[in-house]
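Here is a short briefing on one protein model. Keep the sequence and the 3D view open while reading.

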Amino acid sequence: MLITIRPFASAKDALGFDRKEINVKDESTVADVLTTLRKESPGLNTLRENLLFALNSTYCQIDTVLHAGDILAIFPPVSGG
C-alpha cells in the first residue's frame, strides 16, 4: 500500500527529501516505516529518541498502524518561546 512521508526540520535534513511516497506492507506501523527509513538514511539515527509523528495531521504513537493513502509527518520536538 502507498503512503506519503513528510519530514520536517532536522528530520527533513537527515532524510534528504520533503515529501516521498513509499510502498509498505499491509498492517505496517510507524515503527516499521522508521526502521526502513533508518536503513536508507543512517543520519536519521541521531534523531531517533526525539522524533514525533503525526498521521494525517494528528499526533500518533510509534505503534500506530498505517493505512493506504496515509500521510505520515516526522519531526523533532517543537519548542517555543
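Which residues line the largest pocket? The lining is made up of Ile22, Asn23, Val24, Lys25, Ser28, Asp32, Val33, Thr36, Leu37 and Glu40. The model is predicted. Its chain has an average pLDDT of 92. The points below cover confidence, the pocket and the sheet.

**Confidence**

- At least 70 is the score reached by 95% of the residues.
- Where pLDDT is low, predicted coordinates should not be read in detail.

**The largest pocket**

- The space in the largest pocket comes to about 160 Å³.
- Two elements, β2 (20–23) and α2 (30–40), each give at least two residues to the lining.
- Helix α2 supplies the largest share of the lining, with five residues.
- By residue class, the lining holds four nonpolar, three polar and three charged residues.

**The sheet as a whole**

- Five strands make up an open sheet.
- Their order is β2-β1-β5-β3-β4, and the pairing is mixed.
- β2 and β4 (58–60) are the edge strands, and each of them pairs on one side only.
- On average, neighbouring strands are turned by 35° against each other, direction ignored.
- Strands of a sheet pair through backbone hydrogen bonds, in either a parallel or an antiparallel sense.

**Strand β5 and its two partners**

- Strand β5 spans residues 71–75 and is mostly covered.
- Of its five residues, four are buried.
- In the sheet order, β5 sits between β1 and β3.
- Strand β1 (residues 2–7) runs parallel to β5, and four bridges join the two.
- Pro7 has Ile74 in β5 as its bridge partner.
- On the β3 side the sense is antiparallel, again with four bridges to β5.
- Ala73 in β5 stands opposite Ala54.

**Strands β3 and β4**

- Strand β3 covers residues 52–55.
- It pairs with β4 in the antiparallel sense, over three bridges.
- Across this pairing, Leu55 stands opposite Thr58 in β4.

**Two points to check in the 3D view**

- Which element gives the largest share of the pocket lining? It is α2, with five residues.
- Is the pairing of β1 with β5 parallel or antiparallel? The two strands run parallel.

Key: Residues numbered from 1 in each chain as written. Predicted model: local features only at pLDDT ≥ 70, side-chain atom pairs only at ≥ 80, totals over all residues. Heavy atoms only, no water. 1 Å grid on protein atoms, 1.4 Å probe; cavity = no way out; pocket = protein on both sides within 12 Å on 5 of 7 lines; lining within 4 Å. Points joined across faces, edges and corners; volume = space filled by probe spheres on them. Nonpolar A, V, L, I, M, F, W, Y, C, P; charged D, E, K, R; others polar. Pairing = 2+ DSSP bridges. Axes fitted to C-alpha atoms, helices over the stretch in contact; angles between N-to-C directions. Buried < 20%, exposed > 50% of the residue type's maximum accessible area, 1.4 Å probe, protein only. pLDDT = per-residue confidence, 0-100.
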